[in-house]
Amino acid sequence: MCGIAGIVSHEDVNQELYEALTVLQHRGQDAAGIVTCEGDRFHLRKDSGLVRDVFHTRHMLNLRGTMGIAHVRYPTAGCTTSAEAQPFYVNSPYGITLAHNGNLTNAETLKKELFVQDQRHLNTDSDSEVLLNVFAHELHELGKLRIGPEDVFHAVAGVHARCRGAYSVVAMITGFGVLAFRDPHGIRPLIYGERKTDRGTDYMFASESVALDVLGFATVRDLEPGEAIFIERDGTLHARQCARQTSLSPCIFEYVYFARPDTIIDNISVYKARRRMGDKLADKIRRLRPDHDIDVVIPIPDTSRTAALQLANKLKVKYREGFIKNRYIGRTFIMPGQQLRKKSVRQKLNAISMEFKDRNVLLVDDSIVRGTTSEQIIQMARDAGANKVYLASAAPPVRYPNVYGIDMPAAEELIAHDRTEAEIEHALGCDWLIYQDLPDLIDAVQRGNPAIRRFDTSCFNGEYVTGDVNQAYLDRLSHHRNDQAKANRQGSASTIGLYNVG
């Protein structure tokens with residue numbers, strides 16, 4: 001998962017892009033980057049680390065220009081080095097930079113095509129660099145010294161024809177303008193807004209509406225699946241549908257976990273969707289155990305709070321904050337290596353014993369992926385004196401990898417893979433495990449926008465909306481994403497001594 005932003009303004013955009021990335025920091029903590037355009041020159045700064053650590057005063061002073069794009073990253077492909085920080089850049093044709101949220105499912109095929117047929121060289125293993133070079137090649141094939149918006153849309157149509165998977169993109173062409181486009185299924189979010197000023201209208205693209213809110217941009221709308229919007233340097237906006245067939249199928253996990261609760265994606269409030277998830281869980285508990293003995297509901301911070309509070313209210317059970325979170329520890333399920341994850345959980349959370357002692361506690365989490373975190377938290381609750389420990393998940397069992405940009409691990413590393421719910425309950429060590437039912441999760445989200453007929457729910461049911469994911473692909477993905485493969489890549493990067501960019 002990554003976060004992207006792009007701005008075309010009448011003032012320098014460096015500070016506002018920085019602020020947008022801080023708002024989107026939850027979408028990626030591995031690397032950050034900003035590129036701005038001043039006249040016919042790009043200014044780029046990117047590196048590994050949090051936004052506040054990547055950009056210092058000297059970098060910000062150099063990021064001059066009234067248009068730019070930005071990116072925060074955690075890796076779903078490639079390795080965690082600064083060489084794969086975004087935005088990426090190619091000088092031919094015209095000079096193009098690009099930042100991408102998502103994952104291409106045919107990246108390996110495209111890499112071979114780019115090298116053999118298009119004669120383009122790639123510097124990294126990132127599928128985002130693949131996407132950039134496909135777009136650049138489509139523009140290059142036009143053979144024009146100067147291009148217009150129609151040429152840009154033609155190139156985007158070429159990207160849609162060649163690329164498969166999930167991709168929300170912001171790109172910038174030197175001295176010409178900023179482009180944003182979304183894959184034909186609209187799997188990853190992308191929204192745009194405008195801000196009226198004395199000098200004209202400024203425009204902004206972002207992964208989440210909250211980034212627009214914080215910077216004073218009024219939301220206009222989400223980009224449609226397959227749509228591209230191009231804003232020229234002078235602020236002229238052009239929009240075009242560039243895909244032949246489209247079907248809006250947003251990733252439901254955005255609403256479960258990744259997006260901020262104050263975000264609206266495809267006209268659905270994330271906050272309200274999570275409240276409805278809590279309602280659905282409460283209804284299921286009443287159906288299964290109308291005479292339940294739950295004394296207190298405690299969320300596993302932070303994402304589950306909204307659902308947990310609603311669940312407690314509907315069950316008429318006390319809601320308490322039982323865990324205190326160290327906010328300087330990152331999200332644990334994306335960390336490679338079981339030992340690192342186990343150590344991180346203990347550093348991340350500490351229990352307030354008085355809220356657990358001699359009580360039957362219902363812990364509520366947004367989802368259960370590997371189960372490493374859940375197992376330790378259940379034990380922490382017992383160590384704090386809980387009588388019984390129940391666990392409720394606002395999402396169904398995660399049984400399959402996510403191939404569209406969320407770094408859910410190899411299938412065999414998912415605790416729910418090839419296990420029944422009773423077996424998962426035993427493996428986690430809780431007294432009762434309650435999962436959200438998939439139809440209830442879909443209803444909780446869809447109720448915010450009934451016009452959306454389908455969501456990507458592949459990590460729950462193995463149904464991949466792009467239709468090109470088979471077992472052979474999943475086997476390759478497993479080989480690439482498992483903990484040992486990640487450790488090997490990290491070791492190789494350390495041995496090579498890759499340089500810092502910026």
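Predicted model: local features only at pLDDT ≥ 70, side-chain atom pairs only at ≥ 80, totals over all residues.
A disulfide, for this talk, is a pair of cysteine sulfur atoms within 2.5 Å. Take Cys-2 as an example: Cys-2 is in no disulfide, and the nearest cysteine sulfur, which belongs to Cys-251, is 13 Å away. Cys-2 is also buried, with a relative accessible area of 8%. Now Cys-163. Its sulfur has the sulfur of Cys-242 as its closest cysteine sulfur, but the distance is 13 Å, so that is too far for a bond. Cys-163 counts as buried too, at 3% relative accessibility.

Next, the strands. I will start with β12, residues 227–232. How many of its residues are buried? The count is 6 of the 6, so the strand is largely enclosed by the rest of the structure.

Which strands does β12 pair with? One is β8, residues 177–182, which runs antiparallel to β12 and is joined to it by 5 bridges. Within that pairing, Phe-181 has Ala-228 of β12 as its bridge partner. Another is β13, residues 237–241, again antiparallel and again with 5 bridges. There, Ile-229 has Ala-239 of β13 as its bridge partner. β12 and β13 make a hairpin with 4 residues between the strands, and in that hairpin Gly-235 takes a positive phi near 95 degrees.

An open sheet is formed by 5 strands, in the order β17-β16-β20-β21-β22, and the pairing is parallel. The edges are β17, residues 318–319, and β22, residues 432–435; each has a single partner strand, so one side of each is left without a neighbour in the sheet. At the β17 end, 2 bridges join β16 to β17.

α12 lies across β20, residues 360–365, and β21, residues 388–393, and runs at about 150 degrees to β21. α13, residues 421–428, lies across β21 and β22, at about 130 degrees to β22.

Let me stay with α12, residues 372–383, for a moment. The helix has 12 residues and reaches 17 Å from its first C-alpha to its last, close to the 16 Å expected at 1.5 Å a residue. Its buried residues are Thr-372, Ser-374, Gln-376, Ile-377, Ile-378, Met-380 and Ala-381. Just after the helix, Gly-385 takes a positive phi of about 105 degrees.

Gln-119 is not a glycine, yet has a positive phi of about 55 degrees. Gln-119 sits in the loop between α4, residues 107–116, and α5, residues 127–140. Asp-266 is not a glycine either, and its phi is positive at about 50 degrees. Asp-266 is in the loop between β14, residues 264–265, and β15, residues 268–269. Is each of these two buried or exposed? Gln-119 is exposed, with a relative accessible area of 71%, whereas Asp-266 counts as buried, at 5%.

While we are on the backbone, there are cis peptide bonds to point out. One joins Ser-92 and Pro-93, with omega about -5 degrees. Pro-93 is in the loop between β5, residues 88–90, and β6, residues 96–104. Another joins Pro-301 and Asp-302, with omega about 5 degrees. Asp-302 is in the loop between β16, residues 296–299, and α10, residues 305–315.

I will end with Val-51, in helix α2, residues 51–54. What does Val-51 touch, leaving out residues up to four places away in sequence? The residues are Tyr-18, Leu-21, Thr-22, Gln-25, Ala-32 and Val-72. Val-51 counts as buried, at 1% relative accessibility. For scale, Val-51 and Gln-446 are 395 residues apart in sequence, and their C-alpha atoms are 33 Å apart in space.

Terms used
Residues numbered from 1 in each chain as written. Heavy atoms only, no water. Buried < 20%, exposed > 50% of the residue type's maximum accessible area, 1.4 Å probe, protein only. Expected span 1.5 Å × (residues − 1). Pairing = 2+ DSSP bridges. Contact = heavy atoms within 4.5 Å. Axes fitted to C-alpha atoms, helices over the stretch in contact; angles between N-to-C directions.
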